[in-house]
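Trainee: I would like to learn how to read a model like this one. Can we go through it feature by feature?

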Amino acid sequence: MITNKYKIREHNEAQVLKGIIDHKNISRAELSSLTGLNKASVSSITKGLLDDGLIFETGIGTAGTQGGRKPIMLQFNPKAAVTLSFDLGVNYLKGTLSYLNGETVLYVEKKRLTVSAETAVPLLKETIEAIHEEHPELCSTIIGMTVGIHGVVHNHKIVFTPYYDLDTIDLYTELSQLFDFPIFLENEANLAALGEYTFSKDSESLVSLSIHSGIGAGIVDAGTVQKGKHGTAGEIGHSILYPDGKACPCGNDGCLEQYASNTVLYQAVAEKKGLDFVDSSVIESLKDDSAIQEELKNNAFLLSVGINNIVTLYDPEVVIINSSVYRRIPALLTFIQEHLSSRFAQNISVRNSPLGNEATLYGGIALCCQNFLNIRQLKLHSIYEK
């Protein structure tokens with residue numbers, strides 16, 4: 001049983017735990033060789049991890065080539081604790097209660113909301129209370145909660161939210177006063193990138209492009225989210241595409257997201273087809289219409305400009321597109337790739353997100369686990385294949 005579920009693992013303990021997570025089934029002798037720690041230290045650390053329930057013994061392994069006693073194998077226990085992860089959008093709330101490997105215990109989704117400075121805390125409080133009522137046996141093992149914010153977040157302070165007013169409240173302090181587990185506020189695109197790194201990709205360096213009402217890029221290198229001095233790294237949607245173009249809430253004119261976001265695409269299609277409502281499913285149904293094809297190709301071209309800029313700045317191994325439109329019409333990726341003609345982009349892979357709409361939630365789980373386990377380069381996709 002975990003005696004202190006919020007404690008940060010010491011370096012040697014985290015090292016041993018990472019070895020167990022990475023290798024799934026490993027002996028104490030192998031851990032000693034892997035980490036460079038002596039066998040007595042490994043034995044002491046694994047005893048503590050066993051007492052905390054974070055690992056368990058899985059049985060007897062095979063003896064070495066020199067013979068001798070067969071080793072007892074060790075494995076990570078992802079059900080030792082749970083996390084809460086939320087994606088707090090402009091008009092929705094999604095959340096999960098999940099085990100440490102990302103396996104969902106309970107999923108919640110509320111749509112057509114008005115998320116604001118006035119409603120955000122009551123909405124989260126009400127949702128968490130409902131989760132507690134449904135799973136009271138697990139709520140005592142929550143090791144942290146992450147809330148994904150659609151805007152700039154720096155050191156848990158919401159600095160700028162262009163499409164709702166959460167930057168007018170101290171959400172972190174308000175939530176910390178309500179709950180005794182650690183609270184993490186983070187930009188949703190950063191979380192999406194961390195989710196991709198932790199749960200679905202082998203690459204050590206990636207950019208995840210989140211496209212919805214705005215366009216944000218999460219940048220992860222070796223398990224660390226690159227945020228910049230003021231938390232604004234990756235705000236590619238606010239790079240200037242057309243000088244003196246459309247006004248943007250950020251203060252610039254002609255920003256990329258004023259021309260290439262999903263919301264802008266929906267508005268253009270609605271105007272062309274005389275529709276009252278357009279979303280990605282409507283776009284998919286109209287994808288063979290020649291006028292809509294032109295809109296889609298133009299969207300892909302404009303996004304390719306933003307991606308080209310990202311590539312020249314960050315040189316990632318892979319760029320992941322997280323957009324409901326591109327998931328429904330994956331052929332659009334070909335148009336993007338065709339427009340990445342720079343020599344700097346020749347070895348860059350552009351892919352759709354395998355985590356889809358849940359990437360931000362997985363990133364929230366990953367952030368809680370990174371802090372709880374004290375493992376920055378945490379890879380969990382080998383344990384839980386979605």
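Mentor: Start with Phe181. Its relative accessible area is 9%, so Phe181 is buried. Keep in mind that this is a predicted model.

Trainee: What is the mean pLDDT of the protein chain?

Mentor: The average is 91, and 94% of the residues score at least 70. Then look at the elements. Strand S2 (residues 55-60) has the lowest mean pLDDT, 88. Helix H6 (residues 171-178) has the highest, 98.

Trainee: How many aromatic pairs does the structure hold?

Mentor: Three. Phe181 belongs to one of the pairs, with Phe179. Their ring centres lie 5.3 Å apart and their planes meet at 10 degrees. Planes under 30 degrees apart count as stacked, so this pair is stacked.

Trainee: Is Phe179 buried or exposed?

Mentor: Phe179 is buried, because its relative accessible area is 16% and the cut-off is under 20%.

Trainee: Which geometry do Tyr242 and Tyr259 show?

Mentor: Edge-to-face. The centres are 4.8 Å apart and the planes stand at 70 degrees. The pair links distant parts of the chain, 17 residues apart. Tyr242 sits in the loop between strand S13 (224-225) and helix H8 (257-260), while Tyr259 is in helix H8.

Trainee: How do I class the two rings by accessibility?

Mentor: Take them one by one. Tyr242, at 38% relative accessibility, counts as partly exposed. Tyr259, at 18%, counts as buried.

Trainee: Which charged residue sits over the ring of Tyr259?

Mentor: Lys246. Its charged end is 4.7 Å from the ring centre. Look also at Tyr197: the charged end of Lys379 sits over that ring, 3.8 Å from its centre.

Trainee: Let us turn to strands. How many does the protein chain have?

Mentor: The chain has 15 strands, along with 14 helices. Seven of its seven residues are buried, so S4 is largely enclosed by the rest of the structure.

Trainee: How do I read the two faces of a strand?

Mentor: In a regular strand the side chains alternate between the two faces of the sheet. Now apply that to S4. On one side are Val82, Leu84, Phe86 and Leu88. On the other are Thr83, Ser85 and Asp87. Both faces are covered, since these residues are all buried.

Trainee: And what holds neighbouring strands together?

Mentor: Strands of a sheet pair through backbone hydrogen bonds, either parallel or antiparallel. S4 shows both senses. With strand S5 (residues 93-99) it runs antiparallel, joined by seven bridges. Ser85 stands opposite Thr96 in S5. A hairpin of four residues joins S4 to S5.

Trainee: In which sense do S4 and strand S7 (residues 142-149) pair?

Mentor: Parallel, over six bridges. Leu88 of S4 stands opposite Ile149 in S7.

Trainee: What is the strand order in the open sheet of three strands?

Mentor: S1-S3-S2, with antiparallel pairing. The edge strands are S1 (26-27) and S2, and each pairs on one side only. S2 and strand S3 (residues 72-76) share five bridges. There, Ile60 stands opposite Ile72 in S3. Recall that S2 is the element with the lowest mean pLDDT.

Trainee: What share of the residues counts as buried?

Mentor: Of the 386 residues, 52%. Check the contacts too. Among those between residues at least 6 apart in sequence, 63% join residues at least 24 apart.

Methods:
Residues numbered from 1 in each chain as written. Predicted model: local features only at pLDDT ≥ 70, side-chain atom pairs only at ≥ 80, totals over all residues. Heavy atoms only, no water. pLDDT = per-residue confidence, 0-100. Helix = DSSP H or I, 4+ residues; strand = E, 2+ residues; numbered from the N terminus. Phe/Tyr/Trp six-rings, centres within 6.5 Å; stacked < 30°, edge-to-face > 60°. Buried < 20%, exposed > 50% of the residue type's maximum accessible area, 1.4 Å probe, protein only. Lys NZ or Arg CZ within 6 Å of the ring centre and 35° of its normal. Pairing = 2+ DSSP bridges. Contact = heavy atoms within 4.5 Å.
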